[in-house]
Amino acid sequence: MNQTTTAEAKSYFNFSSGFILAIAANILWGTSFLASKYTLQAWGPFTSAALRFGIATVCLLVILKALKKKIEMPETTGQWIGLLLIATSAFGVLYPMQLAGLKFIPSSLSAAIMLISPLAVLGLSRTVLKEKLSPLKYIALTFGLIGGGVLLFSTNNRLSVNFNSDFFVGTLLTLASAVSLAISAIVTRKYSKEISSASITFWTMAIGFVELTLAAFIFEE
């Protein structure tokens with residue numbers, strides 16, 4: 001009985017800790033939209049993202065060393081492929097598209113569109129990871145769709161169906177980045193069982209930095 005109670009308490013603690021960390025991460029992530037708008041005044045999307053994650057990779061390395069956390073080296077080709085997929089979807093593709101979209105739409109609208117990502121994660125979890133959606137998740141999905149629609153149409157009144165307009169292009173790029181974020185979350189979930197979260201974050205940011213730097217040299221002045 002005691003073992004059962006201890007296991008339940010541990011499970012609840014892990015869930016609560018993960019939930020709190022997820023909330024904190026989203027708050028920090030949300031504040032980056034306004035800052036990103038200003039970086040685009042100096043650099044292009046690829047350069048801005050490359051500088052961002054170059055600094056982040058170095059900072060993470062220093063923190064991990066200070067905490068004496070080991071950075072795991074992937075052991076198989078499959079793990080390297082997984083890290084490459086995460087890096088490309090979470091850094092190499094996501095942020096350049098989101099930053100490029102910010103050049104044409106307000107940061108508030110960009111944030112509203114990115115809220116579609118959690119809804120995409122639920123859908124991909126059901127189809128890719130074969131996770132069952134509880135009735136509560138279906139309710140959350142419904143309210144999420146409604147709330148996302150309200151935010152999307154109330155944030156800005158310039159939504160247009162003109163496929164040639166810069167505003168439509170910015171909206172489309174941001175929507176694509178939201179889907180890319182959802183894909184990265186699903187792939188990360190799959191490989192987090194084999195590699196620690198700290199190691200996944202370090203390697204994917206480092207790989208993403210290389211991808212973004214190469215793209216910056218190729219596509220930007």
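A charge counts as sitting over a ring if NZ of Lys or CZ of Arg is within 6 Å of the ring centre and within 35 degrees of the ring normal. Keep that in mind as you look at this predicted model, where Lys190 lies over the face of Tyr191, at 5.8 Å from the ring centre.

Now let us turn to helix H8, which runs through residues 197–219. With 23 residues at 1.5 Å a residue, this helix should span 33 Å, and its end C-alpha atoms are 32 Å apart, which agrees. Several residues of H8 are buried, among them Ser199, Ile200, Thr204, Met205, Gly208 and Leu212. What do the buried residues of H8 pack against? Their partners are helix H2 (45–66), helix H3 (77–102) and helix H7 (166–191).

As background, nonpolar side chains tend to be buried together in soluble globular proteins.

Leaving aside its neighbours within four places in sequence, Phe91 is in contact with Phe53, Ile86, Pro96, Thr204, Met205, Gly208 and Leu212. Thr204, Met205, Gly208 and Leu212 are among the buried residues of H8 you met above.

Next, the aromatic rings. A search of the whole structure finds six aromatic pairs. In one of them, the rings of Phe91 and Tyr95 have their centres 6.2 Å apart and their planes at 15°; planes under 30 degrees apart count as stacked, so this pair is stacked. Phe91 and Tyr95 are four residues apart in helix H3, so about one helical turn separates them. Both Phe91 and Tyr95 are buried. The rings of Phe202 and Trp203 have their centres 5.3 Å apart, but their planes are at 75°, so that pair is edge-to-face. Phe202 has a relative accessible area of 11% and Trp203 has 17%; buried means under 20%, so both residues are buried. Ring pairs also link Phe53, Phe91 and Tyr95 into a cluster.

Finally, find Ser177 in helix H7. Is Ser177 buried or exposed? Its relative accessible area is 0%, so Ser177 is buried. Setting aside neighbours within four places in sequence, Ser177 is in contact with Leu94, Met97, Gln98 and Met114.

Methods: Residues are numbered from 1 along each chain as its sequence is written. This is a predicted model: local features need pLDDT of at least 70, side-chain atom pairs count only at pLDDT 80 or more; totals for chains, interfaces and linings use all residues. Side-chain values use heavy atoms; hydrogens and water are left out. Helices (H or I, at least four residues) and strands (E, at least two) are DSSP runs, numbered from the N terminus. The expected span of a helix is 1.5 Å times one less than its number of residues. Buried means under 20% relative accessible area, exposed over 50%, partly exposed in between (1.4 Å probe, protein chains only). Contact means heavy atoms within 4.5 Å. Rings of Phe, Tyr and Trp (its six-membered ring) pair if their centres lie within 6.5 Å; planes under 30 degrees apart count as stacked, over 60 as edge-to-face and the rest as tilted.
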